[in-house]
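Me: I would like to learn how to read the features of a protein model with some care. Could you take me through a few of them?

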Amino acid sequence: MSGRSIVRPYGDTTGDGMVQLSFTLPVPHDKRAEGAALQLAEKMGLDPAMVVHAKAVGPAFTYFIVYGRVSHLVDLSKVEVVERDYPLLSPKEANLTIRRGLRRRLVVVGACIGTDAHTVGIDAILNVKGFAGEKGLEYYRELKVVNLGAQVGVPDLVASARREHADAILVSQVVTQNDAHIRSTREMAAAFREAYDEADRPLLVVGGPRFHESMAADLGVDRVFGRGTTPGEVASYLVHALVDSRSTPYRERTA
Ligand code: B12
C-alpha cells in the first residue's frame, strides 16, 4: 500500500469504491421515503446505491444509511494537512521548560462559552484525570488551571482572564447548530482584542469536535484543536507558544 498516491474506498474487495453514508430526510418513513433516499444517493454519485437501514425519527422524519459505489479517486499527493509544528513534551519536560523559561506558573483559564453546556471535552483537557491515558493540565505542577465550566459569557471570561493574569484562554465549543461555534469563537476573539493591547493579549485557543486546525486565522484565534485532542498536545503547544524562546529547550539541556 505504501507509496501509492491514488486510492479508492474499500468495502468488500480492495478498491471496489464502496462507501456508506447516513442522513435524515424530512419525510415520514415509507416506500416513497426510501425512494427519495436513493434518489439523493444517486445524485451524490453513488451507483449502484442501496438503502441498508431506514428508521422513523418521529412521525415526519426518516433516518437512512445508504451503501453504494463511487467512481471517484483520491489523490494522496494533493491532501493538505496542518502538521504539528512543535515537539510533544512529557509533563516533566513541560514543567521544567516552564520553570526555567517563565520562572513562574503559566496560567490557563478554560471555559465552555455561550449557551454551550458540553463540558466533557474541556474537562478531558483540563481535569487531572485527563483523556486517552494522558493526565490533564491540572496534573502539571507548573500550570495553574482555572476551569470556569459551562455557559460562560464572553465578558465574564475576559474579566476572569484579567483577574487571573491569564497567559492562555482555552475555549470549548461543541454545539454547531447555526454555526454557534463559529460565531461564539469570533465574538470571544474580538472581545479579547478589544480588551487587551496585542502584546499583552493572552494566547487564544479553541477546541471542539467540529473544528478543523486550518480555521485559526478565520476565527481570530491562535490555535484550533479538533476531535481526539489529548492534554499532552495542548500542554506542549502552550509551552511552545508561550515560554520564552531564549530559554534552553529541555531536550538540548538533557542531550
Ligand atoms: C454528552 C452530551 C451531552 C450532555 C453534556 C454533558 C456535559 N457536561 O458535557 C448533555 C446531556 C447535557 C447534552 C445536552 C445537549 N446536547 Co449534547 N451531546 C453529548 C454527546 C453524546 C457527547 C459529547 C461528549 O461528551 N463527547 C466526548 C468529548 C471528550 O469529546 P469532545 O467534546 O469532542 O472533546 C474532545 C475534542 O473535541 C477536544 N476539545 C473539546 N473542547 C476543547 C477545548 C480545547 C481548548 C481544546 C484544546 C480541545 C477541546 O478535546 C476533547 C478530547 O479529545 C454528543 C454526541 C457525540 N457522540 O459527540 C451530543 C451532542 C454534542 N449534543 C447535541 C445536542 C443537540 C444537545 C442539546 C441541544 C440537546 C437538547 N435538545 O437539549 C443539549 C444542549 C445543551 C447545551 N446548552 O449545550 C448535538 C449537537 C449537534 C450540533 N450540530 O450542534 C450532539 C452532536 C448530538 C447529536 N448528534 O445530535 N449533550
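Reply: What follows goes through domains, a helix, backbone angles and pockets in turn. This is a predicted model, in which local features need pLDDT of at least 70 and side-chain atom pairs count only at pLDDT 80 or more, while totals for chains, interfaces and linings use all residues. Residues are numbered from 1 along each chain as its sequence is written, and side-chain values use heavy atoms, with hydrogens and water left out.

Me: Which domains does the domain assignment of the chain give?

Reply: Domain bounds come from an automatic or database domain assignment. Here the assignment gives domain 1 (6-76) and domain 2 (91-253), and the C-alpha centres of domain 1 and domain 2 lie 39 Å apart.

Me: How many Å should helix H5 span?

Reply: Helices (H or I, at least four residues) and strands (E, at least two) are DSSP runs, numbered from the N terminus, and the expected span of a helix is 1.5 Å times one less than its number of residues. Helix H5 (residues 180-195) has 16 residues and should therefore span 22 Å, which agrees with its end C-alpha atoms being 22 Å apart.

Me: Which residues of H5 are buried, and against which elements do they pack?

Reply: Buried means under 20% relative accessible area, exposed means over 50%, and partly exposed lies in between (1.4 Å probe, protein chains only); contact means heavy atoms within 4.5 Å. In H5 the buried residues are Ala-180, His-181, Ile-182, Ser-184, Thr-185, Met-188, Ala-189 and Phe-192, and the buried residues of H5 pack against helix H4 (154-164), E8, E9 and helix H6 (216-219). Thr-185 counts as buried because its relative accessible area is 0%. Not counting residues up to four places away in sequence, Thr-185 touches Ile-113, Gln-173, Val-206, Phe-211, Leu-219 and Val-221.

Me: What should I look for in the backbone angles?

Reply: Most residues other than glycine have a negative phi, and most peptide bonds are trans. In this model the peptide bond from Asp-47 to Pro-48 is cis, with omega near 0°, and Pro-48 is found in the loop between helix H1 (31-43) and strand E3 (49-56). Arg-103, in the loop between helix H2 (91-102) and strand E6 (106-112), has a positive phi near 60°. Asn-178, in the loop between E8 and H5, has a positive phi of about 50° although it is not a glycine.

Me: Is Arg-103 buried or exposed, and is Asn-178 buried or exposed?

Reply: Arg-103 counts as exposed because its relative accessibility is 72%, and Asn-178 is exposed, with a relative accessible area of 68%.

Me: What volume does the largest pocket have, and which residues lie nearest its centre?

Reply: On a 1 Å grid over the protein atoms alone, a pocket is an open set of points with protein on both sides within 12 Å along at least five of seven lines, whereas a cavity is a set where a 1.4 Å probe fits but cannot get out; lining residues have an atom within 4 Å of a point. Grid points are joined across faces, edges and corners, and a volume is the space filled by probe spheres set on the points. The largest pocket has a volume of about 370 Å³ and is lined by 22 residues, of which Gly-121, Ile-122, Ile-125, Gly-207 and Gly-208 lie nearest its centre. Helix H3 (120-126), strand E8 (168-172) and strand E9 (203-207) are the elements that give two or more residues to this lining, and H3 gives the most, with five residues.
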